[in-house]
Amino acid sequence: PGPDLPPERYGAHPAGPPPRRPEDPAAYDALRSRLGLFLLLLVASLLVLSLPLPFQAASVVFSAWAVVVGTRAVVAAWRAGIRRAAVPMAAALVGIAMWMTLSAGLQLALWPVLQERQDCLREALTTSAREACEDGYVQDVEDRLTGLLRPASAP
């Protein structure tokens with residue numbers, strides 16, 4: 001082609017990325033429903049954390065389930081070519097859900113210490129009694145973490 005003729009006329013493509021394919025409305029609807037379930041699981045995990053200790057263990061289940069649902073939603077959206085702001089935001093929320101799963105798992109590792117603190121605070125009537133509960137809790141956590149990090153062969 002000459003300098004005054006467009007290259008598209010002769011089958012040549014102009015420089016630049018190829019045009020993006022349009023989003024599939026069905027894929028976007030599926031993303032919205034998956035993200036709705038994902039957010040519901042995150043909220044359920046947060047709400048369960050505010051309950052007393054035996055029920056807080058369910059937070060691990062809800063947050064781990066949220067990680068799975070959120071990851072599948074982000075991957076499906078990416079494969080479907082959806083490039084809206086919801087996809088990176090969902091990916092960031094999956095990271096938060098992973099953090100919540102790890103922190104809830106740590107609570108399970110410290111279950112006896114947390115149960116003792118909860119019982120102590122329930123029975124504490126004065127400020128000094130509450131402070132004693134907190135001091136005992138800090139010492140128990142340090143002892144428990146030291147015990148968990150110590151090699152198995154050490155006495």
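What we have here is a predicted model, where local features need pLDDT of at least 70, side-chain atom pairs count only at pLDDT 80 or more, and totals for chains, interfaces and linings use all residues. Residues are numbered from 1 along each chain as its sequence is written, and side-chain values use heavy atoms, with hydrogens and water left out.

So, the helix pair. H1 covers residues 25-49 and H3 covers residues 58-79; they pack at about 160 degrees, their axes 8 Å apart. (Helices are DSSP runs of H or I, at least four residues, numbered from the N terminus; axes are lines fitted to C-alpha atoms over the stretch in contact, with angles from 0 to 180 degrees between N-to-C directions.) That's why H1 and H3 are roughly antiparallel.

Who's touching whom? Contact means heavy atoms within 4.5 Å. The H1 side includes Leu31, Phe38 and Leu49, and the H3 side includes Ser59, Phe62 and Trp65.

Now look at serine 59, which sits in H3. Serine 59 is buried, at 0% relative accessible area; buried means under 20%, exposed over 50%, partly exposed in between, using a 1.4 Å probe and protein chains only. Beyond residues up to four places away in sequence, serine 59 touches Ser45, Val48, Leu49 and Ala104.

Last stop, threonine 101 in helix H4, residues 86-109.

Notes: Helices (H or I, at least four residues) and strands (E, at least two) are DSSP runs, numbered from the N terminus. Angles under 35 degrees count as roughly parallel, over 145 as roughly antiparallel, 65 to 115 as roughly perpendicular and the rest as oblique.
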